[in-house]
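Good morning, and thank you for coming. Please take a moment to look at the sequence and the model on the screen.

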Amino acid sequence: MIGGANIRWCFMVCRVTLGPVNRRDMSLAALVAALWGFNFVVIDWGMGSVPPLLFVAIRFAVVVPACLFVPRPAVPFRTVAAVGAFMSLGQFGFLYLSLHLGMPPGLAALVLQAQVVFTIVIAAFALREPPSRAQVLGVGFGVAGLAVVALGTGGRVPLLALALCLLAGLSWGIGNVVSRASKAPGGFALTVWSATVVPVPLLGLSLAVDGPSAVTRGLEQLGWHGALSTVYTAGLCTLVGYAIFNRLLSKYPSGHVVPWVLLAPVVAMACSWWLLGEVPGTAELAGAVLLVAGVLVAQGTLRIRLPRRGGDDLSGPGEEPADQAALTNAASSPMPGR
């Protein structure tokens, strides 16, 4: 008969606990991930024959009038412009181009999550926010999930589209760090005012790249699909989603907020499967599972420890026991709102 000590050696014990982010803010982060995940399908559905850079310009032009009702955030305008340039102009300019060149929406949502790695690495150097061991492990799960998906694509995705999607993730990561460093008191005001730097540059780029006739034709052929897509992306994803996201970044360290976005690809894949007929393969499903695990581990909601055998601790020489390490990490974590 197998003894209890041997059973403990056969299995890894997982404990679900609350991390430094409270339940309400965890729910808000999950809501943002759901909104942004469905966003990829909405963009692909609404773009049609509209040039991609023009479509991004229209999206953010719809947001700009909100500046009449929202006071400017109490940060220098150069900070507002930097957030808009990286988190909005750069990210969505590259993303829409990637989708236009053939990147499937579900896969684009997965590849874009390279921003998690970019954000945590950049924040470690620029903001001196070194990731905890749990965050490193969680990001490791996420990177492994992305690698599994990439290996399973079989070269069916255009290389340029893949590169543009990665550039979108890099731009998003830089924007996350700038937003965190600004410590703006309200995420909604920062979201609204940062949109002001997007429409004119992208409209100019669209005129230069696509030509005036293509821009005119795109505006004429926007249609109700494009209008509904713009309402969703501008209203729910930009105003609501980024307002919540920037608020969370101003409240918690980047490593506790950004990993939640790893849930967005799961939503995108499910919606692409249901609405667009993009049936995910084994690699996509396995990658999605790893991404979800990465969110839970990096957030601290799921703690993983190796059990002890025969009373001996499994930690290496000079390391704290697993339970004591968990207590130490919890004590050293910043309090919500600090």
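Predicted model: local features only at pLDDT ≥ 70, side-chain atom pairs only at ≥ 80, totals over all residues.

In which helix is the place of Asn39? Asn39 lies in helix H2, residues 23-47; helices here are DSSP runs of H or I with at least four residues, numbered from the N terminus.

Residues are numbered from 1 along each chain as its sequence is written, and side-chain values use heavy atoms, with hydrogens and water left out.

Asn39 counts as buried, at 4% relative accessibility. Buried means under 20% relative accessible area and exposed over 50%, with partly exposed in between (1.4 Å probe, protein chains only). Beyond its neighbours within four places in sequence, Asn39 is in contact with Arg59, Phe92, Tyr232, Thr233 and Cys237, where contact means heavy atoms within 4.5 Å.

I turn now to helix H7. Its 20 residues, 133-152, reach 29 Å from the first C-alpha to the last, close to the 28 Å expected at 1.5 Å a residue; that expected span is 1.5 Å times one less than the number of residues. Buried in H7 are Gln135, Gly138, Val139, Gly142, Gly145, Leu146 and Val149. Seen down the axis, the buried residues of H7 fall within an arc of 110 degrees, so they line one face of the helix; the arc is that of the directions from the helix axis to the C-beta atoms. On the face of H7 turned away from its buried side are the exposed residues Arg133 and Leu151.

Methods. Helix = DSSP H or I, 4+ residues; strand = E, 2+ residues; numbered from the N terminus.
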